[in-house]
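Colleague: Please take me through one part of this model closely, then show me how the rest is put together. Keep it plain, as I am new to this.

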Amino acid sequence: MVVPALFVTGETLPADDHTIRIRLFSELKPERLIFTPADGDYLIEVDGEEKGFVRTAEPLLVFRYGDRLAVKGGTLSGILSDSISIIPDGGTRFSLEIPGVEDSRRYYDDRLMVNLDGNLFFIVNKTSVERYLPGVVEAEGGNGIEDEFFRVQAVIARTYAYRNLDRHISDNYNLCDGVHCQAYYGKTGMAVIKSAVEATRGLVLTDSDTILVNALFHSNCGGETLSSGQVWLAQGSHLVSVRDPYCREMSNSIWRTTIPLQEWITYIYQFRESGRGSEGDIFRFEQPDRQEMLAISGYRPIPLREIRERFMLRSAFFSFVKEGDTLLVSGRGFGHGVGLCQQGAMVMAARGYNYRQIASFYYNGVMVVHIDDARYPETF
Ligand SMILES: [Zn+2]
Ligand SMILES: [Zn+2]
C-alpha cells in the first residue's frame, strides 16, 4: 500500500509499520501536563531548537501561560514557546499525567509534541501504528480473555487506523484518542493483547478488491446483526445481517427498561399523520427478528434507531407493551448491531474458532491481507 506522503517521515520503521500521530487526552482537553521519562533521557526542542533535556523519573511540567506554552523541569527553568517537541535520547517510554485529575497517568512510546493553537492545547504522540494498537485493543476490546478474540480485535483496530489516517488531518494529526476515533488510553500491560497485535502484525481487513473495509463492531447483537444499509444507508457489502447463535448467553444479550407512558405518547404523536385518527396500537410492538422501522397504521414510520437515541436504549432491537402508566421495553443486544458482535466473537474464540474465521463470520466476503497489499477507498 502507498501511505499518503504526509505520513512518511523518513524515520526508520520496519517496512510493515507506519508513523501515526495521535492526539492525546482529546476528551479531557487539559491545559497542563506532567511529562516523566520512564526509562531514559529525552531531549526538549522548543520552537524547533534543542533547549535541554530531562532524565528518567524527572517530571517536566508543560502548561498554558496566556497565549503561550511554558515548560519547566529537567534542565529548563522556565521557557515560553508556541510548540515543544520531546524526543527520545536513550528513553523509549514516558508517562503523562494531568495535574489534579485522578488516575490520569498513562504511558506512551516515542515522541511527544505540544502545541498551542489559539486557546487549544494539542498534545500529540508521534509513534507507530503497531505500537499504538495494543492500547486501542485494550480500550475497545471489552473484557475478553481469549487470544483469538484479541487477534480479531487487533485486525479491526489496525484496519480502522489505516483507513482513517486523514480523519484529523486539518489539525495535523491522524487520530484522536477518544471514542470519536478509537479509544486509546496509553500502553497496555496485558501480555495477551500485546501478543495478539504481534501475531497479526500488519494484517488488515479488505473487501475482495483489497480495499480497506469499514470494520464496525459493537458489544452484543442480541442474536442477529444489522446490515449497514439498515442503519446508516451506507455502502458496505461486507456489513450484512448475520444470525448469531454465539452471543445469546452473554451479559449484554437481554435488557429491560421502562418509559413513562405520557412521555411515549408525546413522542409518538409527533408522527401522527394529519387528518387521520390514531388507528394503530401505539402501546404494543413485537420484534422477533430485527426490523428497521416502527410501522403503525396512521403514523409515519419511525426508524427504530431514532427511538433508541431518543430514549437512550441499549439497542434498537426491542419490543414493548403497555403496563399501567409505563411502557415496558424489553430488548436484546447492546450497541448499533452492525458488523462484529464482540460478545459473540468471544464465545467463538472460546469454542476454538480462529480470528480469520471469526472475521469471516461477521463480515461478509472480507479478506485478511497485509497492509502493503491493501488499498484505500476512493474517497481518500
Ligand atoms: Zn477523532
Ligand atoms: Zn451477537
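Modeller: Start with P377. Leaving aside residues up to four places away in sequence, P377 touches I211 and L212. The model is predicted, and these contacts are computed from it. In sequence, P377 and I211 are 166 residues apart. In space, their C-alpha atoms are 5.8 Å apart. So where does P377 lie? P377 is in the segment after β23, the strand of residues 367-370.

Of the contacts with a separation of 6 or more, 66% are between residues 24 or more positions apart. The protein has 380 residues, and 42% of them are buried. Its C-alpha trace spans about 75 × 45 × 35 Å along the principal axes. Its secondary structure comes to eight helices and 23 strands.

Now the sheets. Strands of a sheet pair through backbone hydrogen bonds, in a parallel or an antiparallel sense. One open sheet has seven strands, in the order β4-β3-β8-β11-β12-β1-β13. The pairing in this sheet is mixed. Which strands stand at the edges? They are β4 (49-54) and β13 (175-176). Each has a single partner strand, so one side of each is left without a neighbour in the sheet.

Look inside this sheet at β8 and β11. Strand β8 covers residues 83-89, and strand β11 covers residues 111-117. They pair in the antiparallel sense over four bridges. One bridge joins S85 to its partner M113 in β11.

D110 has a positive phi of about 70°, although it is not a glycine. D110 is buried, because 20 other C-beta atoms lie within 10 Å.

Compare K29, in the loop between β1 and β2 (32-37). K29 is also not a glycine, and its phi is positive, near 45°. K29 counts as exposed, because it has 12 C-beta neighbours inside 10 Å.

A second open sheet has six strands, in the order β7-β6-β5-β2-β9-β10. Its pairing is antiparallel. Its edges are β7 and β10 (106-109). Each of these has a single partner strand, so one side of each has no neighbour in the sheet. From one strand to the next, the twist averages 25°.

At the β7 end of that order, look at the pair β6 and β7. Strand β6 runs over residues 68-73 and strand β7 over residues 76-81. They pair in the antiparallel sense over four bridges. V71 stands opposite I79 in β7. The two strands form a hairpin, with two residues between them. In this hairpin, G74 takes a positive phi near 60°.

Next, the helices. Helix α1 lies across β1 (19-23) and β12 (120-128). It runs at about 110° to β12. Both of these strands belong to the seven-stranded sheet.

Helix α3 covers residues 191-199. Which of its residues are buried? They are I193, A196 and V197. These residues cover an arc of only 95° around the axis, so they lie on the same side of α3. They pack against α1 (129-140) and α2.

Helix α2 has a further partner. Two packed helices are described by the angle between their axes and the distance between the axes. For α2 (residues 147-163) and α7 (residues 342-350), the axes come within 7 Å. They cross at roughly 135°. That makes α2 oblique to α7. From α2, the contact is made by E148, F149 and V152. From α7, it is made by A345, M346 and A349. By class, this contact has five nonpolar residues, no polar ones and one charged one.

Notes
Residues numbered from 1 in each chain as written. Chains lettered and ligands numbered in written order. Predicted model: local features only at pLDDT ≥ 70, side-chain atom pairs only at ≥ 80, totals over all residues. Axes fitted to C-alpha atoms, helices over the stretch in contact; angles between N-to-C directions. Parallel < 35°, antiparallel > 145°, perpendicular 65-115°, else oblique. Contact = placed C-beta atoms within 7 Å. Nonpolar A, V, L, I, M, F, W, Y, C, P; charged D, E, K, R; others polar. Arc of directions from axis to C-beta. Pairing = 2+ DSSP bridges.
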